[in-house]
Amino acid sequence: MESRPRSIHNPKMTMMMTWALLFLFLIHGAHCFYLPGVSPEDFQKGDPLKVKVNKLTSIKTQLPYTYYSLPFCSPKKIVDSAENLGEVLRGDRIENSPYEFKMREPQMCTVFCRVKLDAKTAKHFKEKINDEYRVNMILDNLPLVVPIKRLDQESPTVYQLGYHVGLKGQYSGSKEERHFIHNHLAFTVKYHRDTLTDSARIVGFEVKPYSIKHEYEGKWSEKTRLTTCDPHTKRTVVNSNTPQEVEANKEIIFTYDVEYQESDVKWASRWDAYLLMSDDQIHWFSIVNSLMIVLFLSGMVAMIMLRTLYRDISKYNELETQEEAQEETGWKLVHGDVFRPPSHSDLLCVYVGTGVQFLGMILVTMMFAVLGFLSPSNRGGLMTAMLLLWVFMGIFAGYASARLYKMFKGAEWKRIALRTACMFPAIVFAIFFVLNALIWGQKSSGAVPFGTMFALVFLWFGISVPLVFVGGYVGFKKPALEDPVKTNKIPRQIPEQAWYMNPIFSILIGGILPFGAVFIELFFILTSIWLNQFYYIFGFLFLVFIILLITCAEITIVLCYFQLCSEDYLWWWRSYLTAGSSALYLFLYATFYFFTKLEITKLVSGLLYFGYMLIASYAFFVLTGTIGFYACFWFTRLIYSSVKID
């Protein structure tokens, strides 16, 4: 007799499968799922193309400069493009350029301009070449890239953002190091043509830079023809065998070619080449490995907790009917003190509120990013979104801190709301202000202008602070949370603890696991920030963030349980610091990364790196600490409401 398959109606199983499918979808779309930040523009043959110039960047100094801070060829009038808040904070300064491109009309050896260097301008060029500065340009919202072919033919072409201002080298037979400038640019504009309308969309913008000492006959005039690069004699620049040296009183002639190539790449997929990870397999392996370890540890932790707790609660409830009830030991003994308000409870309320604000901001940002709304084509979009979300999440910060404050029998909710609204932003703003002053001192375009600084202060005091007060008012009006057990009037004495239950030791141990969950992803994030690469794998990042939340919660609960079992009831601050200590490891890793991966030599650049990483670590401390605190808060309320207490 044939057995019929049974249909399974298990809501829990269905829910788990839904989540699993969602995560698989996120990972599958982790690489290049994005919604372009601009609408496509169609160009007919001969249409003018606007080439814009952006900042000069260097991974050696981390200090951006405007394009026209060097004496490149400039238009009659320099016009700034409108920039959003995120672009200004990133140091982007997008301006017009004198390049004249016409769609699908190739150009050869177009003479751009002739510049005669004096001692000052030659010195500027040499400094930028020494610091390996790159020139960034934009065409139809696509950044200019230099294609670099790998030695093995199978590997995909790697693209580097921008071309180097110049290079250092020596003449044959000489040991003296000279500076050479890239004064000839061979541009390639790739386009996708619509066969019906014959219009085209730009899908690629590449360049090959060359250094060539241009020569000409007679006196220089606008109609002078070069002997080194002439479209009439089909003489083109194909190498840098006779390079142009940077020296005072020498003239530099800037030239460029434009070639157009038809491409099969569609407009919607034009960013794929930029976003392709060069070390794809390592990334996948590292992420999966990290997730497996953390999931395995989390599973073990959860099993131990459930078994131990179940046994403990059963045992305690049985004891009530036995004579041994008088000799009880463990976490039930401290029931009369476990909900006693901690010292500096006001400060704890402030930090918990700030952590809730952070959690809200990151969750919403991640969701937008995973859905593709914060694509790299929308420059500065990610930073703008995070700033605005931080401001609007102030209402949740006020609510969370006021609710906790009322539970601690506090009465002055306005004072707590004000501290919640000002404490974290004030510390960050102070560090940011000092760093900005250092950038101003270097005359870098990365310095935030006064107008933007005013806008940030307005966002803080004009929107964030009032919203924190609104949240605080709503939170304080709600009835206070009732403790599951009554608190004794006289505090119980805490017995002497074993060495491994020492607060500092257990706090430092607690931060290792959450840091372990994120440190692989952290490497890629640091690389994208400090080595000028695109980061666009938010599917992975969202998954890692969820793992971080689970890990922070579980490790804190376990250590809190051990602490209560050894009759130490001072868990409030310790739960916050246990998960928050992962920020210390984050900062130590950032220090390790600085010395092993970066080539920063300038003192100002080093101070910038450590200043920004200090802000990031502080934010990570507030976020993870809050997760740990709420996990313990829920856990203690759960276990003490589960046992019978006389």
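Trp 571 is buried at 0% relative accessibility, where buried means under 20% relative accessible area, exposed over 50% and partly exposed in between, computed with a 1.4 Å probe on protein chains only. The model is predicted, so that local features need pLDDT of at least 70 and side-chain atom pairs count only at pLDDT 80 or more, while totals for chains, interfaces and linings use all residues. Residues are numbered from 1 along each chain as its sequence is written, and side-chain values use heavy atoms, with hydrogens and water left out.

Rings of Phe, Tyr and Trp (its six-membered ring) pair if their centres lie within 6.5 Å; planes under 30 degrees apart count as stacked, over 60 as edge-to-face and the rest as tilted. The count by this rule is 60 aromatic pairs. In one of these, the rings of Trp 413 and Phe 469 are edge-to-face, with centres 6.3 Å apart and planes at 65°. Trp 413 belongs to helix H9 (residues 413–441) and Phe 469 to helix H10 (residues 450–477), 56 residues apart; helices are DSSP runs of H or I with at least four residues, numbered from the N terminus. Trp 413 is buried at 16% relative accessible area, whereas Phe 469 is partly exposed at 23%. Trp 571 and Phe 629 form a stacked pair, 6.3 Å centre to centre with 15° between the planes. Trp 571 lies in the loop between helix H13 (538–565) and helix H14 (572–580), and Phe 629 in helix H16, 58 residues apart. Phe 629 is buried, with a relative accessible area of 0%.

Helix H16 (residues 603–640) also holds Thr 624, which is buried at 0% relative accessible area.

Methods. Helices (H or I, at least four residues) and strands (E, at least two) are DSSP runs, numbered from the N terminus.
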